[in-house]
Amino acid sequence: MFPHHREREQPIFSARAHVFQIDPNTKRNWIPASKHAVTVSFFYDANRNVYRIISVGGTKAIINCTVTPSMTFTKTSQKFGQWADSRANTVYGLGFATEQQLHQFAEKFKEVKDAARLAREKSQDKELANTALTIAAPQFSQDLSDELQSPPVMCVNGPEDKLFRSQSADITLSSEKERIKKMLSEGSICEMNLEAELFTLQDSNSKLVAALHEANANVEQWKKQLLAYQEETERLREQVVELEAHGGHGPSDLLKDELTQSLEELEALLKAKDEEIHILQSKKAEYHEMEHDRDEAMHRLREMEMRNSDLERRIQNTEQNLSNSLEERDRMDSEIQRAIEILDIKIFDLNDLRQSLVKLIDK
C-alpha cells in the first residue's frame, strides 16, 4: 500500500544545485550537504494537496522539506539562495551554476508557496501531512516486507538497458558526424579552389575589360586628335608653299624653321599614337584568351555546384536522421532521469518507513 501512496506525489520542477546547511553551532557558516551538484525537486501530492522540496544523495535524504506559506526564498548573491525550515530547525542554501537557474528556482518557490497558502486556507488539518508516514506505518508492514524481499535492481533494469542503447547510439552518431565532416571538408576544399581560380580570372578579366574600354575611348580620342593634326599639318604645308611662292613677300627663315619643327613634332606624335594602337590591339587578343579561360572555369564551377548540391541533399538527409536520433536519445535520457528520480524517492521513503518500523518495534 505504501508505494501507491508515494505514486500520488509527482515531480513538478527539478534543478541541479550544490546543497548547503547552516552550521547549527555558529548559525553563520555553511556546511556542504553534498560533494557535488544534486537534483533538487518540487513534489506535489494531489490527494493531500501538499508540496515538498526533496533532494536525495545516494540513499540519504539531503532535503525533505514541506513548503509552508511562511517560508521565503532569499537570493543572497547572483547564484546562491537560501530559505529556513522551522520544522527541521535549519536553513538550506543552494548554489546554482547560472543566475538563470537561480531565478527559475526562486520563481517556482514563490509559486509553490502561494499554492500552499491557498491549500491551508481551504483545509487547516492538511498541515499535519508530515505525520502521515508514522500513522500509516503499522498498516504497511506486510507490504514493506514483501518489497524488501524483492530485489530492487529489477526496478532499474529498463533504464539501464535504455542507457546502454543510448551509449551505443552515441557511438553511431559520433561516427556519422565524422563522416559528414569529412564529406563537407572535401566538398568545401574543391569549391574553395574553384572559387579562388574563378575570382582570379574575374579579377584579371575586369582589369582587362577596364583597360580595353579605356583603350577604346582613347583610340577614339586619338583618332580625332590625329585627324586634327593631319588637318593642321596640311594647313601648315599649304601656308609654307604659299609663302615660298610669294618669294620676298614670304615669312622670314625663323618662321620657316618654327613651322618645320611643328610639323616634325606632329609627325612624331602620330607615329607614337600608331604604336599605342598596335599595342592595344595585341592586348585585345589576350583578352579573348582570358575570356576562353573564364568560360572553362565557369563550366567547371557549375559542375562542382551540381556535385555540391547533391552532397548538400545527402548531408541534409543525414542531418535529419541525426536529429531524429538525438531527439530519441534525449527522450530516453529524460525517461531514465525521471525513473531514477522516482526510484531515489521510493528508496528514501522505504528507508524512512524502515526507521519508523524499527522505532515501533523498539517501543
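**View 1. Strands that cover the buried residues of helix H2.** The buried residues of helix H2 are covered by elements that include strand E1 (9-22), strand E3 (38-45), strand E4 (50-57), strand E6 (74-75), strand E7 (80-85) and strand E8 (90-95), where contact means heavy atoms within 4.5 Å. This is a predicted model, in which local features need pLDDT of at least 70, side-chain atom pairs count only at pLDDT 80 or more, and totals for chains, interfaces and linings use all residues. Residues are numbered from 1 along each chain as its sequence is written, and side-chain values use heavy atoms, with hydrogens and water left out. Helices (H or I, at least four residues) and strands (E, at least two) are DSSP runs, numbered from the N terminus. The buried residues of H2 are Leu102, Phe105, Ala106, Lys108, Phe109, Val112, Lys113, Ala116 and Ala119; buried means under 20% relative accessible area, exposed means over 50%, and partly exposed lies in between (1.4 Å probe, protein chains only).

**View 2. The span of helix H2.** Helix H2 covers residues 99-122, and its 24 residues should span 34 Å at 1.5 Å a residue, the expected span being 1.5 Å times one less than the number of residues.

View 3. The structure holds nine salt bridges, each defined as a side-chain nitrogen of Lys or Arg within 4 Å of a carboxyl oxygen of Asp or Glu. Side chains of opposite charge can pair when their charged atoms come close. In one of these bridges the side chains of Asp295 and Arg294 meet at 3.9 Å, N to O. Asp295 is partly exposed, with a relative accessible area of 43%, and Arg294 also counts as partly exposed, at 25%.

**View 4. Arg313 and Asp310 in helix H6.** A salt bridge joins Arg313 to Asp310, with the closest N and O atoms 3.4 Å apart. Both residues lie in helix H6 (residues 253-362), three residues apart, which is about one turn of the helix. Arg313 is partly exposed at 47% relative accessible area, and Asp310 is partly exposed at 35%.

**View 5. A network of salt bridges with Glu328, Arg331 and Glu335.** These residues, Glu328, Arg331 and Glu335, are linked in a network of salt bridges. Within it, the side chains of Arg331 and Glu328 meet at 2.4 Å, N to O. Because Arg331 and Glu328 are three residues apart in helix H6, about one helical turn separates them. Arg331 counts as partly exposed at 39% relative accessibility, as does Glu328 at 35%.
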